[in-house]
Amino acid sequence: MRDVAVVGIGMNKWGELWGKSFRDIFVEAALIAIKDAGVDKIDSMTIGCMTGGLFVGQEHLASMMADYLGYKHIPASRVESACASGGLAFRTAYIEVASGMSDIVLAGGVEKMTDVSGDGATYALATAADQEYEVFHGATFPGLYALMAVAHMEKYGTTRDMLSAVSVKNHKNGAKNPNAQYPFETTIEEVNNSVMVASPLRIMDCSPITDGAAAVILTTVDIAKKLGKPIIKVIGSGHATDTIALHSRKDLTTLAATKLAGERALKMAGKTIKDVDFAEVHDCFTIAEIIVSESLGIFPVGKGGEMAAKGESSLEGSFPINTSGGLKSKGHPVGATGIAQIYEIVKQLRGQAENGRQLKNNPKIGMAQNMGGSGGSSLVHILEVA
Amino acid sequence: MFPSRIWREKGQRYRLEAGKCRTCGYIAFPPRLVCPECGAVEFETIKLPDIGKLLTYTVIRVAPSQFTDEAPYAIGIAELPNGVKLTAQLVDCDVEKIKVGMDVRIEFRRIQTHDTHGVISYGYKFVPKWY
Ligand SMILES: [Zn+2]
């Protein structure tokens, strides 16, 4: 396998982009990434998108996006793993470059979620759960994470304020991110008193409905050197699956696919979690960030909430998590999220994060964890600045 | 929901039919073609017990369109005496009084009425035992 680097990153301002089409949102982000990489062409493209069909009635979207990007006829594919589609697109592109099949590959992600009503979005997102044995009974996505939250609170004593601390911290970081959908700060009281969605999860525990895209360019380290770009090397890629029905898992308070994906990525990189300086993780709900931080081994099992409340995952903490603002503040256009995580890791490793959210002490190694559904799929990538 | 989709699951929804692996005894609900524990492909059909213990629950306030009339409603995961776990609604109870660890009975109930194909679907729900 060849050594692979990320040489270009692109993202646009996320939000309710009523004036922009599905295709234009993607093309904007892709053009920024191509320009940032300084390449004169891409050989192929892989796009993560959860459900263009349900959100905008558009499947067969990879060909359309290639055409609108000005790359008609290149090999272009769309991959899907629910909310982990972006992470899967990155891994697919990584394998394509590492294998020698292509030299310069664009990995993108896109979702346009505001062309349907709130109810339509709830329906589309719920397709990531078991239709016949969860959704049929009235389960929603916040509902499934609420089931994990109650189990975690019962078992480990995680509290309401600990959940809120995750939201407060991510909004504090997101307020410094020019691309974030909701770049405002919040307080424990505001989160604690926000509208209940599925107890104990309130609206300020939940990531929003977002239109957005992100793109990155992968190539070999040899070509990256010729481009004269900072070399941000992909040193680990881990991917794992689990039952998509939450109730089929042995333990409701851990995320086995995330644990395995993390272990696989670290093993490939020849590192331990202690070697990693910071991470972007999949905080679709506050409880998700807490459990993921435990499943990845960042914090001890059962202590994820306590560590967040103590500030250990803040910009100044012992292990900063979601410096971008996470899904909570930055937004969660599901298929784009996994790529936007890579975008933030690269920004931090290049020392280019805006508005005072740049980590001090020159971080060297960053991790991105992207999760599908209630944890039925997970992808972990580790990047290192050369 | 298209009628065939409901009809196909009738053994599970109406009669709690599961598949028990003839090799290792693993109980699959719904039935599967391959045992996730040992890889065997021979199963016998058994009926699940109709009692369980509540492992976790939530009260859903923002509901999908088929369930808006019922919101707020509780759903939970219960573990049956044989280790099988199910997700279902908790009914005939005060949602404020639901507690993890509570015993539930599994009863046959109506699940959805607001369906685009006019189908009324039935299945199982949890009823806390103290009622
Ligand atoms: Zn078996």
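User: How many residues of domain 1 of chain A are in contact with domain 2 of chain A?
Analyst: This is a predicted model: local features need pLDDT of at least 70 and side-chain atom pairs pLDDT 80 or more, while totals for chains, interfaces and linings use all residues. Residues are numbered from 1 along each chain as written, with chains lettered from A and ligands numbered from 1 in written order. Contact means C-beta atoms, placed from the backbone, within 7 Å. Facing 31 residues of domain 2, domain 1 of chain A supplies 38.

User: Which element gives the largest share of that side of domain 1 of chain A?
Analyst: Elements are DSSP runs numbered from the N terminus: helices (H or I) of at least four residues, strands (E) of at least two. β1, α4, β4 and β7 of chain A each supply at least two residues. The largest share, 8 residues, comes from α4(A).

User: Which element of chain A gives the most to the side that touches chain B?
Analyst: The contact takes 27 residues from chain A and 25 from chain B. On the chain A side, α5, α6 and β5 give two or more residues. The most, 7 residues, comes from α6(A).

User: Within what arc do the buried residues of α3(A) fall?
Analyst: Buried means 20 or more other C-beta atoms, placed from the backbone, within 10 Å of the residue's own. In α3 of chain A, Leu61(A), Ala62(A), Met65(A) and Ala66(A) are buried. The arc is that of the directions from the helix axis to the C-beta atoms. The buried residues line one face of α3(A), because they fall within an arc of 135°.

Definitions and conventions. Two residues are in contact if their C-beta atoms, placed from the backbone, lie within 7 Å. A residue is buried if 20 or more other C-beta atoms lie within 10 Å of its own, exposed if 12 or fewer, and partly exposed in between; C-beta atoms are placed from the backbone.
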